[in-house]
Amino acid sequence: MKELHERKDRLEFNKLQKRLRRLTGSAIVDYNMIEDGDKVMVCLSGGKDSYTMLDILMSLQKTAPISFELVAVNMDQKQPGFPEHVLPAYLEQVGVPYHIIERDTYSIVKEVIPEGKTTCGLCSRLRRGTLYGFADEIGATKIALGHHRDDIIETLFLNMFFGGKLKAMPPKLLADDKRNIVIRPLSYCAEEDIAHFAELKGFPIIPCNLCGSQENLQRQVVKDMLQQWERQFPGRTETIFSAIRNVQPSQLADLNLFDFVNLKTNKDASVDDSGTDSCSILSLAPLTDNSVQYVDVLDIH
Ligand code: SF4
């Protein structure tokens, strides 16, 4: 019986690992994230996402048709109780070149941000600045971050709800300083899969609340909302992610993305015999309380 369980667990693990490898590989290819000769600086925080990213990149490196280097980098931000031996021990064990940058951003953040306010904004900016500078120093050509599909979707809703912007977190990005290209190889991977993989692999996770900061409340609210949707309508998260990859500027309202002002008719164009324009039609049906309910989305392309 025990053997049967072990076999089942192994099969499940292999399936999960294959899926994460396949999705990571697809994202890398789709966005041309890693090219022959690249030196990829893999940023490790000690959380489940970055451990998984390093693990999957290391396994892809062995079979990839191109040759690239991986260098793991962790920033010891001097949070009280940070177990500084954990990451070096792990990185030695898996045999990847690594650097630990020691920078006391914890004290700066504590000094600048009033007690009780969330410190993550300034803390991440300081960390980002240091990491970008370090990438230059070691000649890294790409900086890999461990954000996954669910982080991207949460960011989309946070920007929409609280920032009035339709923007998320791209799989590949030219940093503001124009000197670094940031890649997010786990962009297609679901957080649930990553969490499960990290658990099965037994990564030595470093807790992320050492700094005493409260989890970003707004992000948690959005996360809960998405999880509730997913329970109610399985597959919705993936559909939302597909939407991020399938943007139709002419069906939005951004004057900078589509030239609505100079929109002209073309009398020579062939007539669409469906009798409607070629956009998605939202069918609306009245509810008893006089409001309307979305009942169907028909894509008539
Ligand atoms: S949780 Fe702490 S260490 Fe992490 S970003 Fe926020 S302030 Fe920085």
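This is a predicted model: local features need pLDDT of at least 70, side-chain atom pairs count only at pLDDT 80 or more; totals for chains, interfaces and linings use all residues.
In the UniProt record, an unreviewed entry, residues 45–50 carry the short sequence motif "PP-loop motif".

The protein chain contains 9 helices and 8 strands. It has 301 residues, of which 24% count as buried. Among contacts in the protein chain with a separation of 6 or more, 72% are between residues 24 or more positions apart.

S1 pairs with S2 in the parallel sense, over 6 bridges, and Met41 stands opposite Val71 of S2. Between S1 and S2 the chain passes through helix H2 (residues 48–63), giving a right-handed β-α-β crossover. S1 also runs parallel to strand S4 (residues 142–144), to which 3 bridges join it; here Val40 has Lys142 as its bridge partner.

Helix H5 (residues 120–138) comes next. Cys123, Leu131 and Ala135 are the buried residues of H5. Viewed down the axis of H5, these buried residues fall within an arc of 100°, so they line one face of the helix. The buried residues of H5 are covered by elements including S1, S2, helix H4 (105–112) and S4. On the face turned away from the buried side, H5 carries the exposed residues Gly121, Arg125, Asp136 and Glu137. Gly139 follows H5 and has a positive phi, near 70°.

H5 also contributes to an annotated site. UniProt (unreviewed entry) lists Cys120, Cys123 and Cys211 under "binding site". These residues span 92 residues in sequence, yet no two of their C-alpha atoms are more than 10.0 Å apart, so they gather at one spot. Cys120 lies in helix H5 and is partly exposed, with 16 other C-beta atoms within 10 Å. Cys123 is one of the buried residues of H5. Cys211, by contrast, is found in the loop between helix H7 (191–201) and helix H8 (217–232). With 18 other C-beta atoms within 10 Å, Cys211 is partly exposed. Leaving aside residues up to four places away in sequence, Cys211 touches Gln79, Tyr106 and Thr119.

Lys78 is not a glycine, yet its phi is positive, at about 65°. This residue sits in the loop between strand S2 (69–76) and helix H3 (86–94), and its 16 C-beta neighbours inside 10 Å make Lys78 partly exposed. Lys178 likewise has a positive phi, near 60°, in a residue other than glycine. The loop that holds Lys178 lies between strand S5 (172–174) and strand S6 (181–183). With 7 C-beta neighbours inside 10 Å, Lys178 counts as exposed.

Methods. Residues are numbered from 1 along each chain as its sequence is written. UniProt positions are given in the numbering used here, feature names are shortened, and annotations may be inferred rather than shown by experiment. Helices (H or I, at least four residues) and strands (E, at least two) are DSSP runs, numbered from the N terminus. A residue is buried if 20 or more other C-beta atoms lie within 10 Å of its own, exposed if 12 or fewer, and partly exposed in between; C-beta atoms are placed from the backbone. Two strands pair if DSSP finds at least two bridges between them. A crossover is right-handed if, with the strands pointing away from the viewer, the path from the first strand over the helix to the second runs clockwise. The arc is that of the directions from the helix axis to the C-beta atoms. Two residues are in contact if their C-beta atoms, placed from the backbone, lie within 7 Å.
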